[in-house]
Amino acid sequence: MTHAEKIIIERRNIQRIPESMAENNNLSIICARSAFVLQCFFDFKKHFPCENSHDAFLEAGLRENLRTVVAQKCRVGIMVLFERVIPKYIDLADQYNLDFKVLKRSIPASVMHAKTHPIAQKKEVTLADLAQHPFVADAHIDYDDTLAILGLPDKHNFLYICDRGTIYDAVRKGGYVSIGISIPASDAALLGCQCRPIQDAEPMAVAFIHSRNFQLNARENQVIRYLTQRLEENYPTVSHPS
């Protein structure tokens, strides 16, 4: 079965999940600050509408993501992280009686920069290039989870910001660069930015967490399956010849 055939079959399976949901099928999600995941959430609500739903979609760093799910302020957490730190967050999730499931591995880390930024002139972007420019980062991340993996020293020119909109402003207007999983070129263009893969960066992943004290409801299962499908479509696994 080809990759495309698998995607078509999974889309049909998602559509078979009943659209008529009970009142307790509201979505309460906390997520890493990811334009890609947020767009998937909007697209899910458009393709699978649920009347009279009262959904919540919050954004936070990895540890705040965990704390919010543990405190039952949100039922589902979606994490975008480097593969290297997955074992750390599996252990933390287990300590707090949370299930941790990786939805997609081997996602290239990408740099976001303004169209007029000097890095835009480079044919390829490397970690050494990042080290030459001011970097805007999530204020609620552990240094070891991201910045150390990128090889950026403590004394680098960092700007720490708490919301994604201001991060985009820093990139577009302030000459900063940022990293994450890529977004479609058309979406980046609307933001006045460009996304390009970092050639020598470690791979990233997307995972989700929820409490072991309850089972996901039908709509939560549906949105996780939809996100998994979109991840497969946008970041297909590359098969290497044996």
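Which residues does I78 touch, not counting residues up to four places away in sequence? I looked this up with contact taken as heavy atoms within 4.5 Å. I78 touches I29, I30, C31, A32, V37, N65, V206, A207, F208 and L227.

**Entry: ground rules.** I note that this is a predicted model, where local features need pLDDT of at least 70, side-chain atom pairs count only at pLDDT 80 or more, and totals for chains, interfaces and linings use all residues. Residues are numbered from 1 along each chain as its sequence is written, and side-chain values use heavy atoms, with hydrogens and water left out.

**Entry: five-stranded sheet.** I took helices (H or I, at least four residues) and strands (E, at least two) as DSSP runs numbered from the N terminus. Two strands pair if DSSP finds at least two bridges between them. On that basis I find an open sheet of five strands in the order β2-β1-β3-β10-β4, with mixed pairing. Its edge strands are β2 (56-59) and β4, each pairing on one side only. The twist from one strand to the next averages 20 degrees; axes are lines fitted to C-alpha atoms, for helices over the stretch in contact, and angles run from 0 to 180 degrees between N-to-C directions. Strand β1 (residues 28-31) runs parallel to β3, and three bridges join them. I29 stands opposite V76 in β3.

**Entry: helix α8.** Helix α8 (residues 218-234) lies across β1, β3, β4 and β10 and runs at about 20 degrees to β4. I then checked Q229, which is in α8. Q229 is buried, with a relative accessible area of 3%; buried means under 20%, exposed over 50%, and partly exposed in between (1.4 Å probe, protein chains only). The Q229 side chain makes a polar contact with the side chain of E233 at 2.8 Å. A polar contact is a pair of N or O atoms within 3.5 Å; within protein, one must be able to donate a hydrogen and the other to accept it, and residues adjacent in sequence count only if both atoms are side-chain atoms.

**Entry: helix α4.** In α4 (residues 86-95), I find I86, Y89, L92 and A93 buried. They sit on the same side of α4 because they cover an arc of only 125 degrees around the axis, the arc being that of the directions from the helix axis to the C-beta atoms. What covers these buried residues includes α3 (62-70), β3 (76-82), β4 (98-107) and β10 (204-211). Just after α4, N97 takes a positive phi of about 60 degrees.

**Entry: L66.** L66 is in helix α3 and counts as buried at 5% relative accessibility. I list its contacts, not counting residues up to four places away in sequence, as M79, Y89, L92, A93, L98 and I209. The C-alpha atoms of L66 and H210 are separated by 9.0 Å, with the two residues 144 apart along the chain.

**Entry: core.** The largest nonpolar core has 76 residues, and those with the most contacts inside it are I29, F36, I78, Y89, L130 and F135. Helix α2 (residues 35-47) gives the largest share of this core, seven residues. Such a core is a set of buried Ala, Val, Leu, Ile, Met, Phe, Trp, Tyr and Cys residues joined through side-chain atoms within 4.5 Å.

**Entry: three-stranded sheet.** I also find three strands in an open antiparallel sheet, in the order β8-β5-β9. Strand β5 (residues 109-114) pairs with β9 over five bridges, and H113 has Q194 as its bridge partner in β9. Helix α6 (residues 164-174) lies across β5, β8 and β9, at about 60 degrees to β5.
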